[in-house]
Amino acid sequence: MRKVTFLGTGNASATKCYNSCFAISQNDETFLVDAGGGNQIINNLKKARISLDSIHNMFISHSHTDHILGAVWIVRFIAMAKLKGTYGEDFYIYGSSRVLDSLRTICKLALPGNNTDFFDNTIVFVPVDHGQEENILGWSFTFFDIRGASTEQYGFSIMFPDGIKLSFFGDEPCKDDLYSYGMNSDYMIHEAFCLYSQRNKYLPYEKHHATVREACENAEKMNVQNLFLIHTEEDNLSDRKQLYTNEAKGFFKGTVYVPDDLDEIIIEPAD
Ligand SMILES: [Zn+2]
């Protein structure tokens, strides 16, 4: 079974839910995408029954607090497990060279030396460039620069061996000239800061974010089948699923999911 587990669904300043990050899992292997902003990532992985020793690959989209600081905790816990002898294999961290430099620097400043001694040894940093293809866990990844307005930021698309395509655009809206990376995705993960109807309250555009409406319009233009909306405001948490899904209906013909933290969605070929 292949599934996506949403470990966090909130925006950068969310505290009632965790910052947006997720895991794609199959056959006891997990690809972790961003890690939120703190050690809640460790707890949420536990709650989701994703063991640290199933994680040998992690991607960090950009170096903002709500995406990279949780990665420091992942590195810490994996390094501790290595010291205890309970995590024997290599751990690969993917991201742009700038993001990897940031993570390396923060880890060196904030973690004990016996943790960072694993760097470039069994904790391996793998820089990715725009358009770079990588085979990870038998899945064909294409990484791309989303040309973030606030900082350098990367997304990716995955083609699974059974022809299912999943794409992720980080926490800014997909630009028109990047549509080819998301075109015909069976599953797309796109940010939606708030409802279009509440744009004047949350001012998403000045923060370089989209509303449900623009996320859906993008997905519709890319012929997406299933759209996940994350990285949202947290005032509507109790009604978020319903409010966002309702607004999405007017702009997107496929299926919209507005996951809560720890929701799991099975990603299988349609029958
Ligand atoms: Zn963010």
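Predicted model: local features only at pLDDT ≥ 70, side-chain atom pairs only at ≥ 80, totals over all residues.
The protein chain contains eight helices and 14 strands. Along the principal axes, the C-alpha atoms of the protein chain fill a box of roughly 55 × 40 × 35 Å. Of the 271 residues, 46% count as buried. Contacts were also sorted by separation in sequence: among those between residues at least 6 apart, 63% join residues at least 24 apart.

The crossing in which α2 passes α3 is right-handed. On the α2 side, the contact is made by I68, A71, V72 and V75, which meet S102, L103, I106, C107 and A110 of α3. Sorted by class, the contact of α2 with α3 comprises eight nonpolar residues and one polar residue, with no charged residues.

Helix α7 covers residues 212–221, and its buried residues are V212, E214, A215, C216, N218 and A219. The elements that cover these buried residues of α7 include the strands β11 (187–191) and β12 (226–230), together with helix α8 (240–249). Just after α7, N223 adopts a positive phi of about 55°.

The pairing of α7 with α8 was examined in the same terms. The axes of α7 and α8 come within 9 Å and cross at roughly 50°. This angle makes α7 oblique to α8. The crossing of these two helices, α7 and α8, is right-handed. From α7, the residues V212, R213 and C216 meet Y244, E247 and A248 of α8. By class, the contact of α7 with α8 has four nonpolar residues, two charged residues and no polar ones. Two of the α7 residues in this contact, V212 and C216, are also listed among the buried residues of α7.

Note on methods
Residues numbered from 1 in each chain as written. Helix = DSSP H or I, 4+ residues; strand = E, 2+ residues; numbered from the N terminus. Buried ≥ 20, exposed ≤ 12 C-beta atoms within 10 Å, placed from the backbone. Contact = placed C-beta atoms within 7 Å. Left-handed = near helix turned anticlockwise from the far one by under 90°. Nonpolar A, V, L, I, M, F, W, Y, C, P; charged D, E, K, R; others polar. Axes fitted to C-alpha atoms, helices over the stretch in contact; angles between N-to-C directions. Parallel < 35°, antiparallel > 145°, perpendicular 65-115°, else oblique.
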